[in-house]
Amino acid sequence: MKITNIVCYAVKVGVRNQLLVKVETDEGIYGWGESGLSSREKAVVGAIEHFAEFLIGRDPFAIGALWQEMYRSQYFEGGRVLTAAISAIDIALYDIKGKALGVPVHQLLGGKQRHHIPTFASTFGEPGPAMIEQAQMLVDAGWTAMRLSPSGHENKDIYEPREHIAPSAKWCTRAREVLGPDIVLGIDYHHRLSVAEAASFCQKMPRGTLDFLEEPIRDESPAAYEALRRLTDIPFAIGEEFSSKWQFLPFIERDIHQFNRLDVCNVGGLTEAMKIAGWSEAHYVDMMPHNPLGPICTAATIHFSACVANFAWLETRASPAETHLGFDDSAFFPVKPELNRAVYIVPDTPGLGVEVNEALVARQSFAFSEAPHLRRRDGSFTNW
């Protein structure tokens, strides 16, 4: 079997673009992958076009060797664009191999250790009564773990971090009071805070309010996270921006965080994800995968999550609180993972278990999209 073509489709599904990648072979077997570098899809498509120059004609079963060749066969190795491209191709190769052998992808990763994948859902409402109502709705629908949204998370132009710390802390505290001690509660700050701001936020809540604090600051400096670690005892859930095992290295080795928000569509695919999971297990860091994209990402992450011992929860954006996102549109994905209340059942069909309506995606035209370019009130730019 040989790779004959690699096709990229950057298509808007729901409220956001998805970059879907199809790897074709001379035996008619194909695989689907997905890249996670949202809003920069054309950069990833360009990288995939470069990789296709030497991948066409190669054996799709040689997944590990092809990963190393894609990563190492240039002077400027790594980086988010290249690893996002590698991720999509790597996932598609596993889909091909599973289909060719007649086994689900999890059999290629060591076999499943669990039959279903617990998820955590997210509230969408601004902190206040609407957020509490959504959180209670999720509990009633079967979720025992969830992520709250901070004040101002939907702002499109002005964002002052300090203005949103106190109301976020107030309503996190209220959520704990209403939902009780048994529900796992976290908050995603989307790396919008400084160390001082994040510490101030944590110190405004009673101890035990939150079970995890996600992405409070940017990831460039492990030392900054260590400083924040000394100022709070809330477990950290970080790593969704990381693009390799090397980027995870200081956080794992220096015991900075407790949950890895690894993204299989950015970190280098399933090949790299399994290495990071084993390394994390040795340091008692649990996997809490990032999953904000479409059904291909979800399916790949389900197979990954089924095979690792140190698993906590998988993110889902298909809960009753986020139906407006539309990432799992059945018109585009006639076969895809489906939530069974708050869990995904691990599939046993060959490959990933996802099918794409290729005729439909091929008719879509690319639309540029930009995340908000947030400013502070003084006119300076701040983090989105």
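Me: Which residue in S3 does Glu24 stand opposite?

Reply: Glu24 stands opposite Tyr30 in S3. Before we go on, this is a predicted model, where local features need pLDDT of at least 70, side-chain atom pairs count only at pLDDT 80 or more, and totals for chains, interfaces and linings use all residues. Residues are numbered from 1 along each chain as its sequence is written, and side-chain values use heavy atoms, with hydrogens and water left out.

Me: OK, and how do S2 and S3 pair?

Reply: Strand S2, residues 16-25, pairs with S3 in the antiparallel sense over 6 bridges. Two strands count as paired if DSSP finds at least two bridges between them. Val21, for instance, has Gly33 in S3 as its bridge partner.

Me: What happens at the turn of that hairpin?

Reply: There are 4 residues between the strands S2 and S3, and Gly28 in this hairpin takes a positive phi near 80°.

Me: What order do the strands of the sheet come in?

Reply: The order is S1-S2-S3, in an open sheet of 3 strands with antiparallel pairing. S1 (3-13) and S3 (30-35) are at the edges with a single partner strand each, so one side of each has no neighbour in the sheet. From one strand to the next, the twist averages 20°.

Me: Which helix packs on the sheet?

Reply: That's H3, residues 80-101, which touches S1, S2 and S3. Its direction makes about 150° with that of S3. Contact here means heavy atoms within 4.5 Å, and angles run from 0 to 180 degrees between N-to-C directions, with axes being lines fitted to C-alpha atoms, for helices over the stretch in contact.

Me: Is S3 buried or exposed, mostly?

Reply: Of its 6 residues, 5 are buried, so S3 is largely enclosed by the rest of the structure. Buried means under 20% relative accessible area, exposed means over 50%, and partly exposed is in between, using a 1.4 Å probe and protein chains only.

Me: New topic! What about S5?

Reply: Both faces of S5 (residues 145-148) are covered, with Ala145 and Arg147 buried on one side and Met146 and Leu148 buried on the other. S5 pairs with S4 (residues 116-122) in the parallel sense over 2 bridges, and Met146 is the bridge partner of Ala121.

Me: How do H10 and H11 pack?

Reply: H10 (residues 269-282) and H11 (residues 295-307) pack at about 30°, with axes 11 Å apart. That makes H10 roughly parallel to H11; the word is used for angles under 35 degrees. The contact is made by Leu270, Ala273, Met274 and Ala277 of H10 with Ala300, Phe304 and Cys307 of H11.

Me: Last one: where is Tyr284 found?

Reply: Tyr284 is in the loop between H10 and strand S10 (286-287). Its phi is positive, about 60°, although it is not a glycine. Most residues other than glycine have a negative phi. Tyr284 is also exposed, with a relative accessible area of 76%.

How values were computed:
Angles under 35 degrees count as roughly parallel, over 145 as roughly antiparallel, 65 to 115 as roughly perpendicular and the rest as oblique.
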